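Colleague: I'd like a close look at one part of this model, the charged pairs on the sheet. Could you walk me through who pairs with whom, and how the strands around them are arranged?

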Amino acid sequence: MSTSSLSAHLNTLQEAIQTRSVLRLTYADGKGAYSERDIEPLAIYLTLVADWRLVAWCRLREDYREFNLERIQKSEVVGEHYAPRFFRLKDYFREG
């Protein structure tokens, strides 16, 4: 992923987290299969191997999921806001 497209994804995700906006992602899994998902983005973090990850509530799976930013093909705000969730990244890591 180019630096400019990574930067664009990070900007979109950060804004969606701050405004609690639902995002529609086109996402490629590890095998290259694509899916479209509506998510409630909650946090972004950088792994030890320099991969950016997004933690979100996935409406398709009805559970918390992590998305590798490298695999996000498209992200768009759908114009819907979600209710606040009690979510702390340190708790997510501790429980995960």
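Modeller: Start with Glu36 and Arg24, whose side chains meet in a salt bridge at 4.0 Å, N to O; the term stands for a side-chain nitrogen of Lys or Arg within 4 Å of a carboxyl oxygen of Asp or Glu. Glu36 sits in strand β2 and Arg24 in strand β1, so the pair ties together parts that are 12 residues apart in sequence. Strands here are DSSP runs of E with at least two residues, and helices are runs of H or I with at least four, numbered from the N terminus.

Before going on, a word on the source: this is a predicted model, where local features need pLDDT of at least 70 and side-chain atom pairs count only at pLDDT 80 or more, while totals for chains, interfaces and linings use all residues. Residues are numbered from 1 along each chain as its sequence is written, and side-chain values use heavy atoms, with hydrogens and water left out.

Glu36 is exposed, at 54% relative accessibility, while Arg24 is partly exposed at 27%. For those words, buried means under 20% relative accessible area, exposed over 50%, and partly exposed in between (1.4 Å probe, protein chains only). Arg24 also forms a salt bridge with Asp38, with 2.7 Å between the closest N and O atoms. That pair again links β1 to β2, this time 14 residues apart. Asp38 is partly exposed at 22%.

β1 (residues 21-28) and β2 (residues 34-46) pair in the antiparallel sense over six bridges; to count as paired, two strands need at least two bridges found by DSSP. Tyr27 of this pairing stands opposite Ser35 in β2. β1 itself is mostly covered, with six of its eight residues buried. In the hairpin, five residues lie between the two strands, and Gly32 takes a positive phi near 90°.

On its other pairing, β1 joins β5, also antiparallel over six bridges, with Ser75 in β5 as the bridge partner of Leu25. The whole open sheet runs β4-β3-β2-β1-β5. β4 (63-68) and β5 (72-81) are at the edges with a single partner strand each, so one side of each has no neighbour in the sheet.

Arg53 belongs to β3 and Glu66 to β4, 13 residues apart. Both are partly exposed, Arg53 at 23% and Glu66 at 31%. The whole structure holds 10 salt bridges.
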